[in-house]
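Below are my notes on what I looked up, one stop at a time.

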Amino acid sequence: SSVVLLSRATRSGMNAFRAVRSARIAPRWAASTSRCFSTRVNLFDPTEEHAALRQTLRSFVQNEVEPQALEFNNKEMLNLPLLKRLGSELGLMGIGVEEEYGGADMDAVAFCIAHEELSASDPAFCLAYLAHTLLFVNNLAVNGTPAHKAKYLADVVSGEKIGGMCMSEPGAGTDVLGMKTKAVKQGDKYVLNGSKMWITNGALNDSELGDIFWVYARTGEKRSDLSTFIVEKGTPGFKLGQRIKDKLGMRASTTAELVFENCEIPAENLVGQENDATKHMMRNLEIERVALAAMSLGIARRSIDIMRQYCQERVAFGKPINSFGQVQRHISESYAEYMAARAYVYMTAANLDLRAESSSRMDSDGVKLLATTMGKNVSDRAIQCLGGYGYVGEYVVERLWRDAKLLEIGGGTIEAHQKNITKDLASCDSWYS
């Protein structure tokens, strides 16, 4: 099983931790032997299995992800072979999938670990992983029929096929219920027409579609009358509209517009019943938002590590610059904000049931509202502390800063989270314990 894969990878890969690549600002992938904080209550690695997952990922990130991050971001290319290895070698694409379908059957905390560790090196690469693992694989594992799971899960858990989700449209972002893409049933098939925008993994390169997609489309007259369909590459009428390039950040993940022109799919590719997609759409947004918050944790942690090392070593006016109050404020506030956000994210994940019908929207919105702005601010402070060095790619933080901005937008804008939280608090008689 994938759990066994994780354990084996942990045992074989830990010696590599000692060989940290030489760089002027070298990442501290392995945890320090003398921790600066108490671990009596461990929210972040609550079981040995979670700890093994984190150590496996840190080793993989150090040896495989970090060496390629700057190159692929500069080229605006998805490192597809490396992404596939997360499934074929590590079993990470099926973290939340039942073991009978080849998954590890782990929890939302495991998702947080994966996204924090990957994003500490390459948030763009992590975003491609999120779109595949959470937006397609987890959706399918939780909401698909036994027939859907039997047909599709093996290929996406292994990484043989790369998937994504089609929700946003050119005129429907935060107002997702305003989508225009339509699906009309004609006998034993549905005909889809419309377009989807900002689709991560929508293209594998400049000209090739992603392999398989979880597609939302309108099937009724009410705003909430949305249905879900599974659509594969090669389906007649389904094509790549454009590969979107020259993005501010997340350049090593592909973003695309996808077009459906009289796209015919079998009626059996409908997930659930007609007009019932809104329920599981909103449910999957909860784990997506927690994972996006965890990505911000990775960005902040790496930024703090670079900032604290640089400020210990850089001398100005005869002193290390971490002896000056302005710099101390940047470092200390960054650490405190990171730890506060990290505790909130992992606490929320620990209480999130991946298969439950009930909603925990207030805290999934809350962690993304808090952590994404925190990650952006911490990476900004790191640039400020490094000065000119922080402005160039060699020192990493400028890329982290650019990548951080998307997390305030994708998966729900911070303004949408503010609206949702305020609405939920107004209708909640007891919101604290």
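Started with Asp424. This is a predicted model, so I keep that in mind throughout. Leaving aside neighbours within four places in sequence, I find Asp424 in contact with Arg361 and Met362. Asp424 itself sits in helix α11, which covers residues 414–426. Is Asp424 buried or exposed? Its relative accessible area is 16%, and the cut-off for buried is under 20%, so I put Asp424 down as buried.

Next I turned to helix α9, residues 361–386. Both contacts of Asp424, Arg361 and Met362, have numbers that fall in that range. I wanted to check the length of α9. How far apart should the ends of its 26 residues be? At 1.5 Å a residue, α9 should span 38 Å, and I get 38 Å between its end C-alpha atoms, so the two agree.

Then I followed the chain into the loop between α9 and α10 (397–406), where I found Val396. Val396 is not a glycine, yet its phi is positive, about 75°. I also looked up its accessibility: Val396 has a relative accessible area of 5%, so it goes down as buried.

That made me look up another residue of this kind. Met250 is not a glycine either, and its phi is positive at about 50°. Where does Met250 lie? I found it in the loop between β6 (238–244) and β7 (255–266). Met250 comes out at 2% relative accessibility, so I count it as buried.

Last stop: a pair of helices. To describe two packed helices, I need the angle between their axes and the distance between the axes. For α3 (residues 80–88) and α5 (residues 123–143), I have an angle of about 55° and axes 11 Å apart.

One reminder to myself on helices: with 3.6 residues a turn, residues three or four places apart point the same way.

How values were computed. Residues are numbered from 1 along each chain as its sequence is written. This is a predicted model: local features need pLDDT of at least 70, side-chain atom pairs count only at pLDDT 80 or more; totals for chains, interfaces and linings use all residues. Side-chain values use heavy atoms; hydrogens and water are left out. Helices (H or I, at least four residues) and strands (E, at least two) are DSSP runs, numbered from the N terminus. The expected span of a helix is 1.5 Å times one less than its number of residues. Buried means under 20% relative accessible area, exposed over 50%, partly exposed in between (1.4 Å probe, protein chains only). Contact means heavy atoms within 4.5 Å. Axes are lines fitted to C-alpha atoms, for helices over the stretch in contact, and angles run from 0 to 180 degrees between N-to-C directions.
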